[in-house]
Amino acid sequence: MSNWFKVALERIKESQGNYIHNQNLIKKEETLLCSNCFKDEGLKIDAYNIGIKNRDTCPNCKSKIGNKLTRSLVIELCYVFFVRGTIVRSKFGGSPLIQFNEQHYNKSEVKVSSWLIEDLELVEKAGKVGLFYYGPRLWMVGEVEPLNSLQKEEEKNTIIDRIMNSYPTKILLKKEYFYRLRKNPKLPHNIDEYDTAPKEFLGINRFDKVDFPVLYGSPDLELCLHECRTTVEDNLYIAKLVPKHTLKMLDLSVLIEENNTEFESLDIAIHFLFLAGDNSYNICRTIACAAKEKGFDGIIYPSYYSLIRTGAMPFETVYGISVRRLPHLKYHAQLQSVPNVAVFGRPIKEKLITVDCINKVVINRVSYELTFGPIVT
Ligand SMILES: [Zn+2]
C-alpha cells in the first residue's frame with residue numbers, strides 16, 4: 001500500500017473508534033434492553049452487534065445471552081436502524097426517510113411493519129425518543145447551486161473557474177506510487193495492458209471521452225477491486241505504477257473552507273458529484289478537459305466507493321447541517337473520502353509513469369459489514 005494512503009487509512013480506523021462511542025462510559029449506564037428483546041431480525045442483529053456482551057439478566061425479557069443495551073446504545077441502535085437504514089439516494093445527494101428526537105417522545109408518527117410495532121415501542125421508551133418522517137432540506141437532495149450551474153452550458157465555465165481556483169494542486173512524487181488492476185488481460189506480462197484502455201473502451205468511465213483517454217488507478221488495493229467490479233471468476237492482475245517524473249494533479253479529494261450556505265457550497269457540490277453514478281460523468285469530463293487545459297497531468301478525486309471502504313454514513317448531517325461544515329467534525333468528514341487517481345493521456349506509453357511490478361491477485365475471502373433498516377411504505 002502506498003505511503004500517503006496508508007496514513008489516511010490508519011486515521012480512518014482511529015476516528016471511527018472515537019466517533020461511535022466511549023465504551024467505558026456506556027458500561028457504567030444501567031442496562032435497559034438486550035438484543036433478544038426484539039422480534040425484527042435485522043434490528044435484533046444490529047442490537048447484538050452494538051450491545052455489550054455479558055451474562056447479566058435483561059430487565060425486560062430476562063434473557064441472559066442477549067447483548068445488553070443502555071440508553072446511549074439504544075439511541076445508537078435507533079440511529080443505525082431507523083435513520084441510516086432508510087437513506088434514499090437522489091440523483092445527487094440523499095437523505096433518510098426517518099429521523100428521531102426527544103421532542104417527539106410519546107408522539108411517534110411512523111408506521112412500521114406488524115412485526116416491528118412492539119420493537120419500536122421498546123426502542124422509543126428506552127431511548128426516550130420518538131420517530132418522525134423526515135422532510136430533508138433541499139440541498140441534501142442535490143439542490144446545490146454550483147451543481148445546477150455545472151449542468152447549464154451558459155453557467156458551467158464560471159463554476160469550473162471556481163473549482164480551479166479553490167482546490168489545491170498535489171504534486172505526486174516519484175515515490176508516491178499507486179495500483180492499476182486489470183480483469184482478464186490477454187497478455188498479463190505485457191506492460192501495455194496496464195496503460196489507458198484502447199480507444200474502443202473510451203467514453204464509458206468517469207473522466208474519459210473517445211478523444212480524451214484517461215488512466216485510472218488507486219493507492220488502495222481493495223478500492224481497485226470495488227472500482228473494477230470484480231468477481232471470484234475473474235483472472236486478476238495488479239500493476240504497481242510509479243511516476244517517472246513528478247505529476248501535477250488537481251486534488252478534488254480535499255474538503256475546502258468556505259463562508260457560504262450549503263445551497264451555495266462548491267464543497268458539497270463536488271462531494272455529491274463523486275458519490276453520484278454515471279449521471280455525473282458528463283460534468284466530470286468537462287472538469288477533466290478544463291484541468292488538462294490548465295496544465296494538470298491528472299486529477300485526484302474521492303472514490304465512489306469511499307463509503308463502502310470506510311463504512312461511513314452517506315450524506316451525514318447533524319441537525320440538518322452537513323458534517324463537512326461543522327468545525328469539530330471536518331476531520332472526520334475528510335477521512336470518509338478515499339482518494340483515487342486519474343492521469344490524462346496514455347502515461348505509460350508517454351513515459352510519465354512506469355510499471356514497477358505486476359502480480360496476480362487471488363481473492364481468498366470477502367467479508368461484508370452489514371447493518372439493517374426497516375421497510376418503509
Ligand atoms: Zn432482553
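User: Buried means under 20% relative accessible area, exposed over 50%, and partly exposed in between, with a 1.4 Å probe and protein chains only. On that scale, are Phe-212 and Phe-344 buried or exposed?

Analyst: This is a predicted model, in which local features need pLDDT of at least 70 and side-chain atom pairs count only at pLDDT 80 or more, while totals for chains, interfaces and linings use all residues. Residues are numbered from 1 along each chain as its sequence is written, and side-chain values use heavy atoms, with hydrogens and water left out. Under these conventions both Phe-212 and Phe-344 are buried.

User: Which geometry do the four donor atoms around the zinc ion adopt?

Analyst: Donors are N, O and S atoms within 2.8 Å of the metal (3.2 Å for Na, K and Ca), and a site may look incomplete because water is not among the atoms. Here the zinc ion is held by the SG atoms of Cys-34, Cys-37, Cys-58 and Cys-61, at 2.2 to 2.4 Å. Four donors count as tetrahedral if all angles lie between 85 and 135 degrees; since the angles around the zinc ion are 100 to 123°, the arrangement is tetrahedral.

User: What spacing do the donors of the zinc ion follow along the chain?

Analyst: Helices (H or I, at least four residues) and strands (E, at least two) are DSSP runs, numbered from the N terminus. Cys-34 belongs to strand 1 (residues 33-34), whereas Cys-58 lies in the loop between helix 3 (41-50) and strand 2 (68-69), 24 residues apart, and both of these cysteines are buried. Along the chain, the zinc donors have the spacing C-x2-C-x20-C-x2-C.

User: How are the planes of Phe-212 and Phe-344 arranged, given ring centres 5.4 Å apart?

Analyst: Rings of Phe, Tyr and Trp (its six-membered ring) pair if their centres lie within 6.5 Å, and planes under 30 degrees apart count as stacked, over 60 as edge-to-face and the rest as tilted. The whole structure holds eight aromatic pairs, among them Phe-207 and Tyr-216, which are stacked at 6.5 Å centre to centre with 20° between the planes. In Phe-212 and Phe-344 the planes meet at 55°, so this pair is tilted.

User: How many residues apart in sequence are the parts tied together by Phe-212 and Phe-344?

Analyst: Phe-212 sits in the loop between strand 8 (178-183) and strand 9 (214-217). Phe-344 belongs to strand 15 (residues 339-344), so the pair ties together parts whose separation in sequence is 132 residues.

User: Which charged residue sits over the ring of Tyr-177?

Analyst: A charge sits over a ring if NZ of Lys or CZ of Arg is within 6 Å of the ring centre and within 35 degrees of the ring normal. Lys-360 lies over the face of Tyr-237, at 5.2 Å from the ring centre. At Tyr-177, the charged end found 4.3 Å from the ring centre is that of Lys-240.

User: What is the average twist from one strand to the next in the sheet with the order 8-10-16?

Analyst: Two strands pair if DSSP finds at least two bridges between them, and strand 8 is joined to strand 10 (residues 236-243) by six. The three strands form an open sheet with antiparallel pairing, and because strand 8 and strand 16 (353-361) each have a single partner strand, one side of each is left without a neighbour in the sheet. With axes as lines fitted to C-alpha atoms (for helices over the stretch in contact) and angles running from 0 to 180 degrees between N-to-C directions, the twist averages 25°.

Conventions: Tetrahedral: all angles 85-135°; square planar, octahedral: opposite > 155°, others 65-115°.
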